[in-house]
Amino acid sequence: SQQQIIFSGIQPTGIPHLGNYLGALREWVRLQNESTGDRKLIFSVVDLHALTVPQEASQLRQWRREIFAVLLAIGLDPKRSTLFFQSAVPAHAELMWILSTVASMGYLSRMTQWKSKLQLPEDVSLDDTNATSKLRLGLFSYPVLQAADILVHRATHVPVGDDQKQHIEFTRYTANSFNHLFGPIFPAPEGLISPAKRVMSLKSPLRKMSKSDADPRSRILLTDSGEDIHKKIKQALTDSEPNITYDPDNRPGVSNLIEILGHFDSSGKTCTELADELRSTSMKSLKSVVATTIDAHLRDIRERYFEIIGKEAGYLEGVAEEGARQARANADITMGAVRSALGL
Ligand code: ADP
Ligand code: NA
């Protein structure tokens with residue numbers, strides 16, 4: 001059977017939160033650690049994607065370093081996984097241009113990300129020039145760059161959250177369009193959708209935990225101290241009903257805390273079973289158990305992060321350059337085939 005090639009990316013937009021970790025990053029580490037050497041693993045800090053919204057250069061520079069340090073801190077190993085900055089491998093942008101000559105405008109206009117980023121209604125049309133006056137080409141064509149990221153490495157599997165399903169579908173469609181015109185260059189990648197690991201906001205538990213939430217107490221960052229974690233969980237919105245029960249519809253706050261416990265529980269218990277065990281504990285003790293559990297699991301990551309970010313100048317850059325070298329070599333093989341198929 002065909003070799004598995006796994007690709008995924010993360011934007012440099014600040015220290016990841018618990019939702020990013022449980023929904024995406026921890027899955028990357030699992031895919032790496034369970035591999036017996038038969039799969040290729042490629043993970044990118046997709047800094048070109050970050051440019052689709054306004055960025056301040058010094059802030060972006062800092063975030064790029066921080067996220068790279070996070071990837072190492074969570075346990076991605078540059079000996080087993082290729083870790084690199086997207087902007088260090090020009091083939092990503094080059095393939096994007098080539099794919100944009102076959103990508104469907106109609107398909108892109110129906111996608112949701114540009115609308116949600118500009119807070120436009122889902123049914124807005126490109127003909128509505130009033131609504132789209134702030135729409136930049138890069139934000140609109142973002143899915144084409146994402147398709148190029150995946151296809152330039154001829155990835156077969158893409159671990160992503162549920163929200164990214166439509167981007168994988170677009171990638172498959174664009175790969176097929178290209179193959180149909182120029183020959184079978186790209187495999188159609190499959191999404192590896194992680195099974196419902198959605199972590200909700202600590203302050204408004206009907207919404208997912210997100211870095212764009214204005215209230216920083218709504219999320220736990222991977223670098224939060226034990227004290228921060230306890231403080232934020234203590235202030236999490238719950239309710240005043242007696243007894244602990246798992247009931248996401250009627251008790252979203254408490255249920256979110258139990259789900260977080262469940263994500264860290266290795267015994268295979270369901271959320272209902274976990275809640276039953278804690279049934280007669282007070283809300284205060286539940287919160288203390290949850291905070292202690294999160295802290296215990298994030299402590300090593302946090303300590304490694306501060307160790308890595310504090311290393312001598314040039315350390316991270318060296319690791320990233322070695323990753324970029326591998327990624328360039330891999331991408332250049334694809335680009336050779338692409339150029340030849342196109343007559344370039
Ligand atoms: P944010 O919503 O904070 O801006 P991103 O959109 O950058 O996060 O998401 C990066 C990755 O983390 C994606 O794969 C996404 O599915 C996952 N993710 C983001 N928020 C959550 C959450 N609250 N729970 C689970 N996974 C999440
Ligand atoms: Na998001």
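In the predicted model, the axes of helices α4 and α8 come within 8 Å and cross at roughly 120 degrees. The crossing in which α4 passes α8 is right-handed. On the α4 side, the contact involves H92, L95, M96, L99 and S100, which meet V144, L145, A147, A148, D149 and L151 of α8. By residue class, this contact comprises eight nonpolar, two polar and one charged.

Helix α8 spans residues 142-151 and is mostly covered, with 10 of its 10 residues buried. The buried residues are Y142, P143, V144, L145, Q146, A147, A148, D149, I150 and L151. Among them, V144, L145, A147, A148, D149 and L151 are the residues that meet α4.

Helix α4 (residues 91-100) also packs against helix α14 (residues 315-342), the two axes coming within 10 Å and crossing at roughly 25 degrees. Because angles under 35 degrees count as roughly parallel, α4 and α14 are therefore roughly parallel to each other. The crossing of α4 and α14 is left-handed. A91, E94, L95 and I98 of α4 form the contact with R328, A331, D332, M335, V338 and L342 of α14. The residues of this contact divide into seven nonpolar and three charged, with no polar residue.

L95 of α4 takes part in the contact with α8 and in that with α14.

Note on methods. Residues are numbered from 1 along each chain as its sequence is written. Chains are lettered from A and ligands numbered from 1 in the order in which they are written. This is a predicted model: local features need pLDDT of at least 70, side-chain atom pairs count only at pLDDT 80 or more; totals for chains, interfaces and linings use all residues. Axes are lines fitted to C-alpha atoms, for helices over the stretch in contact, and angles run from 0 to 180 degrees between N-to-C directions. Helices (H or I, at least four residues) and strands (E, at least two) are DSSP runs, numbered from the N terminus. Angles under 35 degrees count as roughly parallel, over 145 as roughly antiparallel, 65 to 115 as roughly perpendicular and the rest as oblique. A crossing is left-handed if the near helix is turned anticlockwise from the far one by less than a right angle, and right-handed if clockwise. Two residues are in contact if their C-beta atoms, placed from the backbone, lie within 7 Å. Ala, Val, Leu, Ile, Met, Phe, Trp, Tyr, Cys and Pro count as nonpolar, Asp, Glu, Lys and Arg as charged, and the others, Gly among them, as polar. A residue is buried if 20 or more other C-beta atoms lie within 10 Å of its own, exposed if 12 or fewer, and partly exposed in between; C-beta atoms are placed from the backbone.
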